[in-house]
Amino acid sequence: MFSTRLKEMRKLRGYTAQYMATQLHTGIRNYRKYESNDAKPTLDGLILLADILDVSIDYLLGRDNFLRAHGINLEENA
C-alpha cells in the first residue's frame, strides 16, 4: 500500500522521482526502492515524505479504514 500511494501522490503533485530523491537527501536508486516496495524509509524519512507530498503519514501507510472507524475523514484532513 505504501509504495503505491507514494508513487500515486508523487505523480499527482507533478514531482519526478529525482526531485523526491533530492528532497530526501538520498539517491534516485534508493528512492525508487521505496516506490517498488523493495525498501522502506526511516521514520524521519516517512515524515519528510508526508511533508513533501502534503499528506498525512496515515494516508501514505493506507490506514484509511482505521481512521474512518474513529470518525476521521481523510478528505478533510489530507
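The model is predicted. Its chain holds 7 helices and 0 strands, giving the pattern α-α-α-α-α-α-α along the sequence.

**Overall shape**
- The radius of gyration is 12 Å, which agrees with the value near 12 Å for a compact globule of 78 residues.
- Along the principal axes, the C-alpha trace spans about 40 × 25 × 20 Å.
- Among contacts with a separation of 6 or more, 56% join residues 24 or more positions apart.

**Surface and burial**
- Of the 78 residues in the chain, 35% are buried.
- The chain exposes about 5000 Å², and carbon and sulfur atoms supply 49% of that area.

**The largest nonpolar core**
- This core has 18 residues, and those touching the most other members are Phe2, Leu6, Tyr31, Tyr34, Leu49, Leu53 and Leu60.
- At least two core residues come from each of helix H1 (2–13), helix H2 (17–23), H3, H4 and helix H5 (57–60).
- The biggest share comes from H4, with 5 residues.
- Leaving aside residues up to four places away in sequence, Leu53 touches Leu6, Met9, Arg10, Arg13, Tyr15, Met20 and Leu60.

**A look at Thr42**
- Thr42 sits in the loop between helix H3 (28–35) and helix H4 (43–53).
- Its relative accessible area is 55%, so Thr42 counts as exposed, the cut-off being over 50%.
- A polar atom of the Thr42 side chain lies 3.0 Å from the backbone nitrogen of Gly45.
- Thr26 is 16 residues from Thr42 in sequence, and their C-alpha atoms are 12 Å apart in space.

Conventions: Residues numbered from 1 in each chain as written. Predicted model: local features only at pLDDT ≥ 70, side-chain atom pairs only at ≥ 80, totals over all residues. Heavy atoms only, no water. Helix = DSSP H or I, 4+ residues; strand = E, 2+ residues; numbered from the N terminus. Buried < 20%, exposed > 50% of the residue type's maximum accessible area, 1.4 Å probe, protein only. Polar contact = N/O pair within 3.5 Å; in protein donor to acceptor, adjacent residues only side chain to side chain. Core = buried A, V, L, I, M, F, W, Y, C linked by side-chain atoms within 4.5 Å. Contact = heavy atoms within 4.5 Å. Rg over C-alpha atoms; globule rule 2.2 N^0.38 Å. Areas by Shrake-Rupley, 256 points an atom, 1.4 Å probe, with all protein chains shown as cover.
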